Amino acid sequence: MTYLITGGSGFIGSHLVENLLKKGHSVINIDNFDDFYDYKIKIQNTIDSLGKNIQFEFSEKRKDIIKLSNDLKSDHYQLFFQDIRDKNKLAEIFRENKIDMVIHLAALAGVRPSIERPLEYEEVNIRGTMNIWELCQEFGVKKFVCASSSSVYGNNEKIPFSETDNVDNPISPYAATKKCVEILGHVYHDLYQIDIIQLRFFTVYGPRQRPDLAIHKFTKLISENKEIPFYGDGSTARDYTYIDDIIDGILKSVEYLQQNSNVYEIINLGESEVVTLSEMLSEIEKNLQKSAIKKNLPLQPGDVLRTNADIAKAKRLIGYKPDTNFQNGMKKFVEWFLRK
């Protein structure tokens with residue numbers, strides 16, 4: 001099988017590429033190495049995902065990524081330095097390759113930045129995704145896994161969050177773009193018979209996690225004896241999901257799509273274990289054997305108070321079974337952080 005993965009050099013994407021290649025599949029990775037964080041992190045993710053031992057001498061972003069693309073190209077792997085907003089360039093990739101399935105992970109991420117740059121989030125997350133669907137229907141790609149987000153639930157009062165809950169009240173542009181993509185996905189499924197699974201990820205963490213996310217940011221700042229920004233009273237809570245469990249959920253969704261037709265499903269991928277901000281911080285302190293220096297700040301606009309996944313549908317439909325509790329996951333994350 002040949003899988004086109006957008007965002008295949010990111011946190012989740014690089015783990016997915018690694019797993020698919022180990023299973024003997026071919027991967028086409030499209031990533032624009034966005035400046036949301038240091039592109040060198042994504043270069044290392046890319047190298048790690050292929051199991052390569054490459055010492056990279058950095059010069060200038062575009063040259064570095066083009067060199068990486070050439071160095072890593074093989075019969076089973078291609079990297080394209082490409083923005084999903086450019087439909088014409090994307091079309092060249094679809095035209096030159098036989099693609100069996102698209103796994104669409106690329107997006108502008110982050111709740112708070114989306115409040116500052118809402119139009120850019122619309123361009124990437126909505127228009128960029130539509131570009132890929134347009135090309136899927138043009139080139140006959142009928143299987144599609146798409147990354148959605150737990151943020152679509154907003155401040156849902158019903159706990160745990162179920163796929164049948166009303167999600168018409170997002171509280172950030174990022175969440176709104178993800179809800180729009182879910183709706184548009186059904187349109188492409190209905191009009192063009194593209195089988196689609198939309199996966200609502202719940203706060204993914206683990207090795208290679210993005211540096212802007214709280215677990216990674218707190219771990220880095222505490223290890224450097226620096227202040228951490230601590231929003232609210234510590235009672236906000238998240239359903240933290242370890243990267244291995246997310247990858248397992250994606251792969252099980254891929255398998256389900258391969259075995260079934262006329263599919264349009266929205267599925268939660270979480271751990272169903274809720275951890276407060278204070279508990280998360282304590283776990284980092286325990287693993288680092290260091291105390292945090294907190295800078296107490298008010299809650300920020302767009303932040304949800306709590307996430308909690310109902311994963312009954314994922315268990316029933318695709319056989320999803322997360323098995324990494326938060327304590328073990330944090331131990332693995334901190335071990336990775338300290339040796340990287």
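How many aromatic pairs does the structure hold? I looked this up in a predicted model. The structure holds 17 aromatic pairs.

**Phe-94 and Phe-139.** I took this pair next. The ring centres of Phe-94 and Phe-139 are 6.0 Å apart and the planes stand at 35 degrees, so I noted the pair as tilted. Phe-94 belongs to helix 4 (residues 87-96) and Phe-139 to helix 6, so the pair ties together parts 45 residues apart in sequence. I then checked burial. Phe-94 has 3% relative accessibility and counts as buried. Phe-139, at 28%, counts as partly exposed.

**Tyr-188 and Tyr-192.** I found a tilted pair here too, with 5.7 Å from centre to centre and 40 degrees between the planes. Both residues lie in helix 7, four residues apart, about one turn of the helix. Tyr-188 is buried at 6% relative accessibility. Tyr-192 is partly exposed, at 28%. I followed the ring pairs and got a cluster of Trp-133, Phe-144, Tyr-188 and Tyr-192.

**Charges over rings.** I noted Arg-200, whose charged end sits over the ring of Tyr-153, 4.8 Å from the ring centre. I also noted Lys-294, with its charged end over the ring of Phe-230 at 4.3 Å from the centre.

**Cavity.** I counted one cavity of 30 Å³ or more. The largest cavity has a volume of about 40 Å³. Its lining includes His-104, Asn-125, Cys-146 and Lys-178. Helix 6 (118-139), strand 5 (143-149) and helix 7 (173-192) each give two or more residues to this lining. By class, I logged five nonpolar, three polar and one charged residues in the lining.

Definitions and conventions. Residues are numbered from 1 along each chain as its sequence is written. This is a predicted model: local features need pLDDT of at least 70, side-chain atom pairs count only at pLDDT 80 or more; totals for chains, interfaces and linings use all residues. Side-chain values use heavy atoms; hydrogens and water are left out. On a 1 Å grid over the protein atoms alone, a cavity is a set of points where a 1.4 Å probe fits but cannot get out, and a pocket is an open set with protein on both sides within 12 Å along at least five of seven lines; lining residues have an atom within 4 Å of a point. Grid points are joined across faces, edges and corners, and a volume is the space filled by probe spheres set on the points. Ala, Val, Leu, Ile, Met, Phe, Trp, Tyr, Cys and Pro count as nonpolar, Asp, Glu, Lys and Arg as charged, and the others, Gly among them, as polar. Rings of Phe, Tyr and Trp (its six-membered ring) pair if their centres lie within 6.5 Å; planes under 30 degrees apart count as stacked, over 60 as edge-to-face and the rest as tilted. Buried means under 20% relative accessible area, exposed over 50%, partly exposed in between (1.4 Å probe, protein chains only). A charge sits over a ring if NZ of Lys or CZ of Arg is within 6 Å of the ring centre and within 35 degrees of the ring normal.
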